[in-house]
Amino acid sequence: MNPKKSPNTRHSGKPPAPAPAEPLIAGQSIELLKELHILTREGKLNQDSRRKLKQVRHLYQFIEPLLVHLQEAQGDFTLVDLGAGKSYLGFILYDLFLHPRHCGQIFGIETRAELVTRSRELAGRLGFSRMYFEHLSAEASIHAPTLPARVDIVTALHACDTATDDAIRFALHKRARFVVLAPCCQAEVAAVLRQNKSAALARTPLAELWRHPIHTREFGSLLTNVLRCLQLEAHAYRVTTTELVGWEHSLKNELIIAEYTGQTRGNAAQRLATILHQLGLEALSSRFLDSPVPPAPAENNA
Ligand SMILES: C[S@@+](CC[C@H](N)C(=O)[O-])C[C@H]1O[C@@H](n2cnc3c(N)ncnc32)[C@H](O)[C@@H]1O
């Protein structure tokens, strides 16, 4: 199945409908939004919280159909949110979907102990009994005995730096049906591009794409997500990428949604290896590939 497409914005001849005054989703708990400090104690919205709610609403329209699909297909499901932070996403999904439908469980994974404690307390206060929080890194979660062997959907929203890559490895290890990623700024690929810049400029005019420092960062970020998509496709996931509305002023506004189909895109791993090789990024091959790319022989670099 395909995740829901963004609302149709094609011109219909009529003036566009006005944006809803309240960006709340029907059935959303005001008490929860106050607890998450999205609404003030008086239940009011400020500009910041309006933006946050717009983001939540946008994200929910992509995740809800995946949960509906899982519920219809198997009755129950497990979602693991890696780099959960204050677990906004988990709480809102629970409030809007898991609670009214009496199905599903959510695990929030977070390295900051105080956030894990706060989330456990909040879930206890709200009676969200199928929410669990683990003080673990995304990497340690892969083999953590406290997490279920079967995980149906993995989310990682702005999980810092390489935590998104660990989330992908977690999803691949569990062979999760769905993976929803909003990658964070990723410095690692840009760092390797920067390190090898002189050699790359001597080798290929394509290195102009990342010659200027701001381009090194932006190209590094774009390239990271391209490599992640290829990695998922090489493991039999169908990948869709789209924009996260509400993050317009951020470089971190990409949403990657992947569904396990069992059908590997034939040339994905090979293309991934070729890109790493041609851009001099062999050092990163173990991050994206199961078998490492050997360093290019000098005569092939001309
Ligand atoms: C920018 S916040 C995003 C929080 C949340 N996902 C959201 O979108 O509101 C990133 C969170 O990831 C956590 N984090 C960073 N590295 C991590 C890792 N390797 N494993 C698990 N959590 C990590 C941080 O402590 C932080 O709470």
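Just beyond the end of helix 4, Gly127 adopts a positive phi of about 75°. Helix 4 itself covers residues 113–126, and its 14 residues reach 20 Å from the first C-alpha to the last, close to the 20 Å expected at 1.5 Å a residue, where the expected span is 1.5 Å times one less than the number of residues. Helices here (H or I, at least four residues) and strands (E, at least two) are DSSP runs, numbered from the N terminus.

The model is predicted, and local features need pLDDT of at least 70, side-chain atom pairs count only at pLDDT 80 or more, while totals for chains, interfaces and linings use all residues. Residues are numbered from 1 along each chain as its sequence is written.

Helix 9 also ends before a residue of positive phi, in this case Ala236, with a value near 70°. The 22 residues of helix 9 reach 31 Å from first C-alpha to last, close to the 32 Å expected at 1.5 Å a residue.

Helix 9 (residues 213–234) meets helix 7 (residues 188–195), their axes coming within 8 Å and crossing at roughly 125°; axes are lines fitted to C-alpha atoms, for helices over the stretch in contact, and angles run from 0 to 180 degrees between N-to-C directions. Helix 7 and helix 9 are therefore oblique to each other, given that angles under 35 degrees count as roughly parallel, over 145 as roughly antiparallel, 65 to 115 as roughly perpendicular and the rest as oblique. On the helix 7 side the contact is made by Val189, Ala190, Leu193 and Arg194, and on the helix 9 side the residues include Phe219, Gly220 and Leu223, two residues being in contact if their C-beta atoms, placed from the backbone, lie within 7 Å. By class, this contact of helix 7 with helix 9 has five nonpolar, four polar and two charged residues; Ala, Val, Leu, Ile, Met, Phe, Trp, Tyr, Cys and Pro count as nonpolar, Asp, Glu, Lys and Arg as charged, and the others, Gly among them, as polar.

Helix 9 also packs against helix 10 (residues 268–278), with axes that come within 8 Å and cross at roughly 150°, and helix 9 and helix 10 are therefore roughly antiparallel to each other. In this contact Leu227, Leu230, Gln231, Glu233 and Ala234 of helix 9 meet Ala268, Ala269, Arg271, Leu272 and Ile275 of helix 10, a set with seven nonpolar, one polar and two charged residues.

Another helix pair is formed by helix 2 (residues 47–74) and helix 3 (residues 88–101), whose axes come within 11 Å and cross at roughly 45°, which makes helix 2 oblique to helix 3. Val56, Tyr60, Ile63, Glu64, Leu67 and Gln71 in helix 2 meet Tyr88, Ile92, Leu93, Leu96, Phe97 and Arg101 in helix 3, and the residues of this contact divide into nine nonpolar, one polar and two charged.

What, finally, surrounds the ligand? The ligand is surrounded by 18 residues, the closest being Gly83, Gly85, Leu157, Cys160 and Ala163, where a residue is near a molecule if its C-beta atom, placed from the backbone, lies within 6 Å of it. Strand 2 (105–110) and helix 6 (163–174) each supply at least two residues of this shell, and by class the shell divides into ten nonpolar, five polar and three charged residues.
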